[in-house]
Amino acid sequence: HLFAKNDEANKYNKMKLDELKGSSKPYKAVDKEFVANGIKKLNKHCLAAASIEIKQGAQVMLLKNLDL
């Protein structure tokens, strides 16, 4: 699905999450590579939420490549 506005995508994602069995669990974004001012600047331009609630079986999408 493709949506023109974030609120439309959020509503769809919530609907799909509600269809999954079980309870959701909150997750908070953590980045240990940026200092406090750097994280504020990154968050201003980041598409990802600072925290999310997901359930087992939920599909998630990585928005930034990780160098592991």
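Predicted model: local features only at pLDDT ≥ 70, side-chain atom pairs only at ≥ 80, totals over all residues.

Student: OK, and which ring does the ring of Phe3 pair with?
Tutor: A search of the whole structure turns up one aromatic pair. The partners are Phe3 and Tyr12, with ring centres 5.5 Å apart and planes at 40 degrees, so the pair is tilted.

Student: What about Tyr12, buried or partly exposed?
Tutor: Tyr12 is partly exposed, with a relative accessible area of 21%.

Student: Switching topic, where does Lys55 sit?
Tutor: Lys55 is in the segment that follows strand S2 (51-54). Lys55 counts as buried because its relative accessibility is 13%, and the cut-off for buried is under 20%.

Student: What does Lys55 touch, leaving aside its neighbours within four places in sequence?
Tutor: Its contacts include Leu17, Asp18, Leu20 and Gly22. The side chain of Lys55 reaches the backbone oxygen of Gly22 at 3.2 Å. As for Leu20, its C-alpha is 7.1 Å from that of Lys55, though the two are 35 residues apart in sequence.

Student: And zooming out, how many helices and strands are there?
Tutor: The protein chain has two helices and two strands, and from the N terminus on they run α-β-α-β.

Student: How much of the chain is buried?
Tutor: Of the 68 residues in the protein chain, 3% are buried.

Definitions and conventions. Residues numbered from 1 in each chain as written. Heavy atoms only, no water. Helix = DSSP H or I, 4+ residues; strand = E, 2+ residues; numbered from the N terminus. Buried < 20%, exposed > 50% of the residue type's maximum accessible area, 1.4 Å probe, protein only. Contact = heavy atoms within 4.5 Å. Polar contact = N/O pair within 3.5 Å; in protein donor to acceptor, adjacent residues only side chain to side chain. Phe/Tyr/Trp six-rings, centres within 6.5 Å; stacked < 30°, edge-to-face > 60°.
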